[in-house]
Amino acid sequence: MIDPRLITLRTFAACGTVAATAELTGYSPSAVSGQLRELQHSLGMTLLVKDGRGLRLTATGQNLVRRSDRLIAEWEDIRASSLSAGDQTPTHFGIGGFSTASANLLAPLAAHLQKSHPTSTVHVTEASPTRCFELLVAERIDLAVVVSMQGDVQVEDDPRFEKVDLLDDPLDVMVPSDHPVAAFESVTLADLAAEDWITAAPGSPYHALFIAAFTAAGVTPRISHESVEWETQAALVGVGVGVSLLPRLVSLAGEDNVTRVRLSGPGRLSRKIVTAVRTGSRNSPLIKESLWHLRATSQHILATRLGE
């Protein structure tokens, strides 16, 4: 078993402050500070030094954190194989993801796991990609669903995590139900060049995706409204003040006067959604079952959502 104090140190390395470490691990700030002091004392090493009002890792601490990646991965593999050998599941299982994934993928997964494994407690956390990775390090969650290339961590290059591709989530066009293209099987961005567009604010990942789509199509959009939430965008489309791009994963069920149309031609983009787990843990029984369920749910959504 890995010393919990090492997990606390690794969490501190991931987030940078005692307060953030406490929030991620569930300990109090004083308990986090105590664990870090105890770990230094037991190892006979100076792992942290004062830096202004906070702390920072020494070169020794940085090396310990970096070299412990292999140790954690080996322990995760041992734990996964031991659970599988005894046909057992962990008593606690945490899953996390961004808002759309939490609503459309993780909620059904949690219900499935609670039914199939009533002795396991499943906990869902809605969080940004960066926070999901920090929660994985802190062992507060065991599986994350994130949009690839979002957040501060590039999972493909990080030895702490193992990535599994889940789906390519295509962009559709969201138009009022009485719009001339609402009955089309598909539409291009060039067909909608004269429309008023609704998108997220500059600097956000979805604004960047929006601009990339129009750049690929060679069209300059006329942006009339900015909104963070998909529900707000759907409401604006529904009252007829513009059109918007919408990932297939986002449901329009219950929205009034809004129709989803497949996007075709230049500018047809998608966002890659992946799962991330701690390296070595992929063969853990609940993770294997979760990956199967997430793939099945994703494929069902891709196949049926245009018919909402």
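What follows is a run of questions and answers on this predicted model.

Colleague: How many helices and strands does the protein chain have?
Modeller: The model is predicted, and the counts come from its coordinates. The C-alpha atoms fill a box of roughly 70 × 50 × 30 Å along the principal axes. Within the chain, the secondary structure comes to nine helices and twelve strands.

Colleague: What share of the residues in the protein chain is buried?
Modeller: Buried here means under 20% relative accessible area. The chain has 308 residues, and the buried part of them is 48%.

Colleague: Among contacts between residues at least 6 apart in sequence, what percentage join residues at least 24 apart?
Modeller: Contact means heavy atoms within 4.5 Å. Take the contacts in the protein chain between residues at least 6 apart; the part that joins residues at least 24 apart is 73%.

Colleague: Is helix 1 parallel or perpendicular to helix 3?
Modeller: Helix 1 covers residues 4-15 and helix 3 covers residues 29-43. Their axes come within 9 Å and cross at roughly 115°. Angles of 65 to 115 degrees count as roughly perpendicular. So helix 1 and helix 3 are roughly perpendicular.

Colleague: Is the crossing of helix 1 and helix 3 left-handed or right-handed, and which residues make the contact?
Modeller: The crossing is left-handed. Helix 1 brings Pro 4, Arg 5, Leu 6, Thr 8 and Leu 9 to the contact. By class, the contact of helix 1 with helix 3 has six nonpolar, three polar and two charged residues. From helix 3 the partners are Val 32, Gln 35, Leu 36, Glu 38, Leu 39 and Ser 42.

Colleague: Which residues of helix 2 meet helix 1?
Modeller: The crossing of these two helices is right-handed. Helix 1 contributes Thr 8, Thr 11, Phe 12 and Cys 15. The contact of helix 1 with helix 2 has five nonpolar, four polar and no charged residues. On the helix 2 side stand Val 18, Ala 20, Thr 21, Leu 24 and Thr 25.

Colleague: Is Thr 8 buried or exposed?
Modeller: Thr 8 sits in helix 1. Leaving out residues up to four places away in sequence, Thr 8 touches Thr 21, Tyr 27, Val 32, Gln 35 and Leu 36. Its relative accessible area is 1%, so Thr 8 is buried.

Colleague: How do helix 5 and helix 9 pack, and is their crossing left-handed or right-handed?
Modeller: Helix 5 (residues 99-116) and helix 9 (residues 285-304) have axes 10 Å apart, at an angle of about 135°. That makes helix 5 oblique to helix 9. The residues of their contact divide into eight nonpolar, seven polar and one charged. The crossing of helix 5 and helix 9 is right-handed.

Colleague: How many disulfides does the structure hold?
Modeller: A disulfide needs cysteine sulfur atoms within 2.5 Å. The sulfur of Cys 15 has its closest cysteine sulfur in Cys 132, 15 Å away, which is too far for a bond. Cys 132 counts as buried, at 0% relative accessibility. The number of disulfides is zero.

Colleague: Where is Leu 252, and is it buried or exposed?
Modeller: Leu 252 lies in the loop between strand 10 (243-247) and strand 11 (258-263). Its C-alpha is separated by 12 Å from that of Val 173, 79 residues apart along the chain. At 9% relative accessibility, Leu 252 is buried.

Colleague: What is phi of Asp 87?
Modeller: Most residues other than glycine have a negative phi. Asp 87 is in the loop between helix 4 (59-85) and strand 3 (92-97). At 73% relative accessibility, Asp 87 counts as exposed. Its phi is positive, near 50°.

Colleague: And what is phi of Glu 139?
Modeller: Glu 139 is in the loop between helix 6 (129-137) and strand 5 (143-147). With 29% relative accessible area, Glu 139 is partly exposed. Its phi is also positive, near 60°.

Technical notes
Residues are numbered from 1 along each chain as its sequence is written. This is a predicted model: local features need pLDDT of at least 70, side-chain atom pairs count only at pLDDT 80 or more; totals for chains, interfaces and linings use all residues. Side-chain values use heavy atoms; hydrogens and water are left out. Axes are lines fitted to C-alpha atoms, for helices over the stretch in contact, and angles run from 0 to 180 degrees between N-to-C directions. Helices (H or I, at least four residues) and strands (E, at least two) are DSSP runs, numbered from the N terminus. Angles under 35 degrees count as roughly parallel, over 145 as roughly antiparallel, 65 to 115 as roughly perpendicular and the rest as oblique. A crossing is left-handed if the near helix is turned anticlockwise from the far one by less than a right angle, and right-handed if clockwise. Ala, Val, Leu, Ile, Met, Phe, Trp, Tyr, Cys and Pro count as nonpolar, Asp, Glu, Lys and Arg as charged, and the others, Gly among them, as polar. Buried means under 20% relative accessible area, exposed over 50%, partly exposed in between (1.4 Å probe, protein chains only).
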